[in-house]
Amino acid sequence: MKLFDRLKQYPLRQNDDFIRRALSVAIPTILQQVITNMVNLLDSLMVGQLGEATITAVASASKYFLIAFFAAFGLANASGIYIAQFNGAGRSERVRQSYRFSLLSCLLVTLLFMLPAFFMPRKIGAFFTPDTAISDPIAAYMPLVAVAGLFQAYSVSTQTAMRCLGDTKSSLYISIVSVFSNGFFNYIFIFGHLGFPAMGVRGAALGTLFARIIESLCTYWASRSRRFCFQTRLRDLFHLPRELALTITRRALPLCINEIGYGSGMAMVFKFYGTRGSSVLAAMNIMGTTSDLFFVLTSGMAVATTVMVSHLLGADELEKGRANAYRMYKLNFFCSLLFALLLFASSFIFPGFYNVRQEVRDMAAFFIRIYALFYIVYSSNAQAYFILRAGGDMRHTLMMDSAYFWLVNIPVVGMIANFTDWSIFTIFLAGQLTDVLKWFVSTHILTRETWVRNLTNEMGDEG
């Protein structure tokens with residue numbers, strides 16, 4: 001197979017410097033995500049003490065907000081490709097202009113998703129499940145979290161730019177402050193401590209809002225104090241050459257559509273799983289929060305791939321960029337083995353922490369174990385996606401990610417859920433098996449090497 005030939009051509013052995021540099025970039029991001037997800041787990045456990053209906057309401061709201069986050073994330077990362085490559089080419093003004101595009105587009109797309117969440121949260125909840133027990137909790141939760149999304153959009157665009165310039169430690173420190181703030185505020189607002197009344201699920205939303213405000217303030221301070229080359233004055237925010245805006249949009253639009261498509265696809269699959277009862281959605285939330293602790297590897301590899309591959313491509317060192325891409329793929333594989341084992345072991349521990357029926361705990365444990373068995377497949381597909389994105393090959397990232405999800409995963413899960421009486425366990429397993437076929441698709445696209453190119457050559461001088 002062509003992929004294995006490529007991997008043999010670029011071995012990891014005798015490349016200690018490469019491994020050291022890649023891990024020095026990846027590990028701070030992984031630690032940041034571990035801290036974030038640990039506190040998210042703590043938040044989930046606190047919300048979990050409020051009962052299954054509240055867990056399902058928060059899980060349903062989170063699936064909706066995930067679409068908005070993915071959209072902003074896609075725009076920020078598409079812009080980040082240009083930030084990284086222009087930085088590699090030493091073109092600082094283009095870096096600033098690319099950042100302005102990232103910030104404005106992230107705020108705009110987030111606003112479009114936040115307005116429905118603010119004004120009609122009950123209808124969003126009804127989309128996921130007909131269970132009316134979640135109506136009041138989701139109405140109390142979504143409007144406040146919708147406001148928090150605007151602060152998060154600023155943080156996502158700015159921290160992505162910082163990471164694309166090789167600074168992963170600042171985001172780590174910001175994350176530490178943010179997630180502990182979230183945990184602290186949730187603790188006092190949900191259960192009523194330090195003189196505050198117990199606000200339940202509304203307290204969870206308020207804690208999220210305060211944490212996002214603190215995160216955005218810390219992000220602003222870090223970006224100013226480090227004097228990054230993307231810094232821009234408020235009066236220059238809309239100074240964006242039309243040529244650059246159109247070029248980034250052409251690259252960003254497929255990636256943004258991809259992220260929206262993937263996020264909405266995840267929400268649709270969540271809805272299909274909900275046909276087997278709201279208890280399934282509660283178990284899915286437990287599984288998702290637990291597995292997120294171990295999928296932090298993909299976040300670290302995404303940033304490392306941008307730094308180790310995009311910078312070289314932008315500097316027109318195409319062969320070195322190609323070599324690093326395949327080495328990153330191999331490094332990701334070996335790291336995935338460890339994370340898969342840890343995820344499997346977690347299935348015997350974390351579900352027991354929730355205040356739910358034993359049936360829901362057992363269901364969540366099964367889902368986690370299946371995820372662990374397929375972890376290497378998921379991770380390999382994600383790494384192929386990061387490599388394609390590093391070279392700006394947005395058309396193929398769209399094809400192998402959200403397009404595949406809607407054309408294969410969703411029809412398979414949807415037809416089984418709606419036209420058979422199969423159990424949720426069979427439905428879930430069938431959905432995961434589609435990722436094996438996706439691995440063959442992703443490796444074929446990867447080895448065509450349409451991503452090995454210098455995007456900065458498409459640009460003229462700074463305007």
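Q: Where does Ala283 lie, and is Ala283 buried or exposed?
A: Helices are DSSP runs of H or I with at least four residues, strands are runs of E with at least two, and both are numbered from the N terminus. Burial is judged by relative accessible area: buried means under 20%, exposed over 50%, and partly exposed in between, with a 1.4 Å probe and protein chains only. Here Ala283 belongs to helix H10 (residues 278-292), and with a relative accessible area of 0% Ala283 is buried.

Q: On what basis should such values be read?
A: The model is predicted, so local features need pLDDT of at least 70 and side-chain atom pairs count only at pLDDT 80 or more, while totals for chains, interfaces and linings use all residues. Residues are numbered from 1 along each chain as its sequence is written, and side-chain values use heavy atoms, with hydrogens and water left out.

Q: Which residues is Ala283 in contact with, leaving aside its neighbours within four places in sequence?
A: Contact means heavy atoms within 4.5 Å. With those neighbours left aside, Ala283 is in contact with Val360, Met363, Ala364 and Phe367. By contrast, Lys330, 47 residues apart from Ala283 along the chain, has its C-alpha atom 33 Å from that of Ala283.

Q: How many residues does the largest nonpolar core have?
A: In soluble globular proteins, nonpolar side chains tend to be buried together. A nonpolar core is a set of buried Ala, Val, Leu, Ile, Met, Phe, Trp, Tyr and Cys residues joined through side-chain atoms within 4.5 Å. The largest one here has 145 residues, and Phe65 and Tyr273 have the most contacts inside it. Helix H3 (residues 52-88) supplies the largest share of this core, 19 residues. Beyond its neighbours within four places in sequence, Phe65 is in contact with Met114, Ala117, Met142, Val145 and Ala146. Another core, of 6 residues, lies apart from this one, and Ala148, Phe189, Leu206 and Leu209 are among its members.

Q: At what angle do H3 and helix H4 pack?
A: Axes are lines fitted to C-alpha atoms, for helices over the stretch in contact, and angles run from 0 to 180 degrees between N-to-C directions. Angles under 35 degrees count as roughly parallel, over 145 as roughly antiparallel, 65 to 115 as roughly perpendicular and the rest as oblique. H3 and H4 (residues 92-119) pack at about 175 degrees, with their axes 9 Å apart, and are therefore roughly antiparallel to each other.

Q: What span should helix H7 have?
A: The expected span of a helix is 1.5 Å times one less than its number of residues. For the 23 residues of H7 (residues 169-191) this gives 33 Å, which agrees with the 33 Å between its end C-alpha atoms. Just after H7, Gly192 takes a positive phi of about 80 degrees.

Q: Which phi does Leu194 have?
A: Most residues other than glycine have a negative phi. Leu194, in the loop between H7 and helix H8 (201-225), has a positive phi of about 55 degrees although it is not a glycine, and at 65% relative accessibility Leu194 counts as exposed. Glu449, in the segment after helix H16 (424-448), likewise has a positive phi, of about 60 degrees, but Glu449 is buried at 16% relative accessible area. Leaving aside its neighbours within four places in sequence, Glu449 is in contact with Arg6, Arg322 and Tyr326.
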